[in-house]
Amino acid sequence: MRLLEIDLLNFRNYESLHLLPDAGLNLITGANAQGKTNLLEAIYLLATGRPLRASREEELIRWGTEEATVRARIHRQQSLDVEVEAHLSRNHPRVMMVDGQAHRAAIALGQFNVVIFSAMDLEVVRGQPADRRRYLDVEISMLSPAYARALAGYRRALEQRNRLLKSIRESGGAWTPSMIDLLDAWDEQLVRYGSSVMIARERFISALSPLAQAAHAELSEGRESLDIRYAPAVEGAQGEREQVAHCFREQLCKMREEELRRGTTLVGPQRDDLLLFVDGKEARTYASQGQQRTVMLSLKRAEFELTLQERQEPPIVLLDDVMSDLDDLRRTQLLRMALRGAQAFITATSAETFPQEILAAARMYRVESGRIEVLDKGNAT
């Protein structure tokens with residue numbers, strides 16, 4: 001898959017941009033805070049439905065304006081080309097459009113795939129369980145719109161159930177049988193959607209794990225082993241749907257009294273984790289920073305391979321200012337992934353750290369204050 005063109009209007013520090021990128025390597029240089037990452041974030045937003053860095057969507061809208069638009073046209077080898085668009089507003093929910101038609105976010109997802117590697121990705125290894133759940137949700141949603149729909153359904157049910165539990169707790173025991181009947185109904189919604197979420201997470205990790213292990217063995221030159229495990233918060237919730245649903249329903253029943261007392265849901269995939277081990281030791285706690293980078297790079301290599309298997313075409317590769325932080329071996333591995341028939345967007349403060357064969361193959365850009373200039377080969381640095 002390939003990004004044919006992208007348009008930005010009042011997105012981050014871009015007042016207006018129309019870009020026709022190269023089908024292969026696109027090397028984007030410039031000083032910090034000029035807009036390099038903002039361009040990658042726009043692509044990431046259309047692919048995943050999520051901001052790359054912003055905690056609030058309004059942060060994506062250019063200062064002093066009320067709305068922003070990101071639009072891209074994507075070529076897909078295995079299906080028709082598609083146009084994906086996101087309309088952002090300070091006063092209204094985001095609108096996602098596919099070929100000019102408005103869709104719910106879960107349907108708009110999965111139109112194209114990206115693999116991104118940025119400094120923030122290290123939080124998947126060294127951060128909290130919420131960081132790893134977010135990673136799983138983004139990656140699986142790009143491969144499976146059905147997962148995105150199940151996840152959205154689960155979140156709605158969880159929010160409503162927690163409101164009900166809080167209301168029952170605040171009633172001081174003056175709850176009615178109808179409240180319990182409603183709680184039973186929300187339990188079934190949790191089981192329905194939550195089972196789909198847990199099954200999809202287990203299958204994704206099972207498919208990703210051998211690919212990441214092979215990549216890690218190569219990156220560490222055989223000196224280290226990587227182990228990836230799914231840690232569902234629902235005990236025994238692995239296997240066939242009936243088994244997962246049974247375990248989830250049983251534990252909801254077991255924890256009901258405590259949930260009523262505390263006013264919140266205590267079991268479910270909102271408490272899952274992804275465990276990463278290097279040579280049998282948990283990477284989050286015991287791995288060095290260099291080892292953590294190797295784990296993350298192994299995951300990215302595995303994402304690329306899995307997308308290639310599932311989609312029968314490579315994803316778009318986004319490398320955000322990470323080359324200078326890697327040694328020669330890991331830098332070579334990242335560039336090798338970008339060169340495997342994939343379109344790639346690579347940002348850096350300068351082109352000096354890149355080998356000549358990369359510079360010769362890349363289309364070069366320089367970003368300054370939200371404006372992009374195409375460079376000739378002699379003006380690359």
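The model is predicted. Its largest nonpolar core has 68 residues. Its largest pocket has a volume of about 410 Å³. The disulfide count is 0.

**Cysteines**
- A disulfide needs two cysteine sulfur atoms within 2.5 Å.
- The sulfur of Cys 247 has its closest cysteine sulfur in Cys 253, 13 Å away, so the two are too far apart for a bond.
- Cys 247 is buried, with a relative accessible area of 8%.
- Cys 253 is exposed, with a relative accessible area of 60%.

- In soluble globular proteins, nonpolar side chains tend to be buried together.
- Within the largest core, the residues with the most contacts are Phe 248, Leu 299, Ile 346 and Phe 354.
- Helix 6, residues 177-219, gives the most to this core: 11 residues.
- Beyond its neighbours within four places in sequence, Leu 299 touches Val 124, Tyr 135, Leu 208, Ala 212, Ile 228 and Leu 276.
- A second core is separate and has 41 residues, including Ile 28, Leu 40, Ile 74 and Phe 112.

**Largest pocket**
- The lining of the largest pocket has 18 residues.
- Nearest the pocket's centre lie Tyr 44, Leu 52, Met 120, Asp 121 and Arg 134.
- Strand 8 (114-118), helix 3 (122-126) and helix 4 (129-143) each supply at least two lining residues.
- Helix 4 provides the largest share, with 5 residues.
- By type, the lining has 9 nonpolar, 1 polar and 8 charged residues.

Definitions and conventions:
Residues are numbered from 1 along each chain as its sequence is written. This is a predicted model: local features need pLDDT of at least 70, side-chain atom pairs count only at pLDDT 80 or more; totals for chains, interfaces and linings use all residues. Side-chain values use heavy atoms; hydrogens and water are left out. Buried means under 20% relative accessible area, exposed over 50%, partly exposed in between (1.4 Å probe, protein chains only). A nonpolar core is a set of buried Ala, Val, Leu, Ile, Met, Phe, Trp, Tyr and Cys residues joined through side-chain atoms within 4.5 Å. Helices (H or I, at least four residues) and strands (E, at least two) are DSSP runs, numbered from the N terminus. Contact means heavy atoms within 4.5 Å. On a 1 Å grid over the protein atoms alone, a cavity is a set of points where a 1.4 Å probe fits but cannot get out, and a pocket is an open set with protein on both sides within 12 Å along at least five of seven lines; lining residues have an atom within 4 Å of a point. Grid points are joined across faces, edges and corners, and a volume is the space filled by probe spheres set on the points. Ala, Val, Leu, Ile, Met, Phe, Trp, Tyr, Cys and Pro count as nonpolar, Asp, Glu, Lys and Arg as charged, and the others, Gly among them, as polar.
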